[in-house]
Amino acid sequence: MEPTYEDCDGIAVPQDTIGGIVLPPLSNPTDTLNKIMRNTNLSEAQLAKLRTMLSRFLSGDGNERWACIHKQLYRHMASNNLKFDFMMNSNNLVPQSYNPVTSTFSFLNDDSFNYPNIFEHEFFHAFQDMFIATDTYAIATSEGYPDGYTNIEFETAVFTDLLKTNTVEYGAFMNADEELREDYSGWLNLIKDNNKKYPTTFDDFQGRYNFFLKKFQFNSGYADKGQILLNMKPVSLLEVFFNFSMQINPMKPS
Ligand SMILES: [Zn+2]
């Protein structure tokens, strides 16, 4: 039997066209948002800004590799009929946030829609939630932060850092000393083989994932935010990159 291939939009591609694929245009932005939206209190003007940010996110702001990976997160939600609330919340402490208990994206103000890079972080949190149900890990109570909270944040930081090609932009250890930042950069570059691949199994982390998770806890502001769970693997990240590796994608040589 002939193997079948999919492109980044999940469309079957005949094998003989590999290398010459052109991504079809995204569907109408209104439909794209509506497919994953449950309730909203955004004004029409704010919805327009949100649609623009979602379009930028799904087109990778012109970077085909990012587009392919972001669309995969989105397609998981759209094709499984998973829906979210999109709400303005002037009490937000940050421009954007995602609450896994209520499946809600919250935005502080109109300026919040100018940051597709923050949306990438929050959208990945939504994907984690849909993939492994992160409700019990993500929300602090009066008793403090739950165990595993730091795991969820570190996985998200590694995901967004793996997508970057400029080591200066790696965010997980932004405030750590230079030695640690260089160690982390070197590790990511090794895993990615100079941006030629992404990790698809836990072994691909070369045995250092939990080492950096522990460093993250104490060097990136999570020392007082619950215990880290050393048995909790970054399965959401691995799922995304495994599926990406199975598709016809912009990383594959033509
Ligand atoms: Zn986060």
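In which strand is the place of Thr104? Select Thr104: its place is in strand β6, where helices (H or I, at least four residues) and strands (E, at least two) are DSSP runs numbered from the N terminus.

Before continuing, note that this is a predicted model, in which local features need pLDDT of at least 70, side-chain atom pairs count only at pLDDT 80 or more, and totals for chains, interfaces and linings use all residues. Residues are numbered from 1 along each chain as its sequence is written, and side-chain values use heavy atoms, with hydrogens and water left out.

**Around Thr104**

Thr104 counts as buried because its relative accessibility is 10%; buried means under 20% relative accessible area, exposed over 50%, and partly exposed in between (1.4 Å probe, protein chains only). Display its neighbours next: leaving aside residues up to four places away in sequence, Thr104 touches Asp85, Met87, Ser97, Tyr98 and Asn99, a contact being heavy atoms within 4.5 Å. The side chains of Thr104 and Thr102 are joined by a polar contact of 3.0 Å. A polar contact is a pair of N or O atoms within 3.5 Å; within protein, one must be able to donate a hydrogen and the other to accept it, and residues adjacent in sequence count only if both atoms are side-chain atoms.

**The sheet**

Now select the four strands of the open sheet, which lie in the order β3-β4-β6-β5 with mixed pairing; two strands pair if DSSP finds at least two bridges between them. At the edges are β3 (37-40) and β5 (96-99), each pairing on one side only. Strand β4 (residues 84-88) and β3 pair in the parallel sense over two bridges, and Phe84 in β4 is the bridge partner of Met37.

**Helix α3**

Move to helix α3 (residues 64-79). Its 16 residues should span 22 Å at 1.5 Å a residue, and its end C-alpha atoms are 21 Å apart, which agrees; the expected span is 1.5 Å times one less than the number of residues. Asn63 caps the N-terminal end of α3, with a side-chain oxygen 2.9 Å from the backbone nitrogen of Arg65. Among the buried residues of α3 are Arg65, Cys68, Leu73 and Met77. The buried residues of this helix pack against α1 (29-34), α2 (44-58), β4, α4, α6 and α9 (235-246). Just after α3, Asn81 takes a positive phi of about 60°.

Select helix α6 (residues 149-163). Of its 15 residues, 15 are buried, so α6 is largely enclosed by the rest of the structure.

Finally, colour the model by pLDDT, the predictor's confidence in each residue, from 0 to 100. The mean for the protein is 90, and 91% of its residues reach 70 or more. Over residues 17-23 the pLDDT is below 50, and this stretch has ten contacts in the model beyond near neighbours in sequence.
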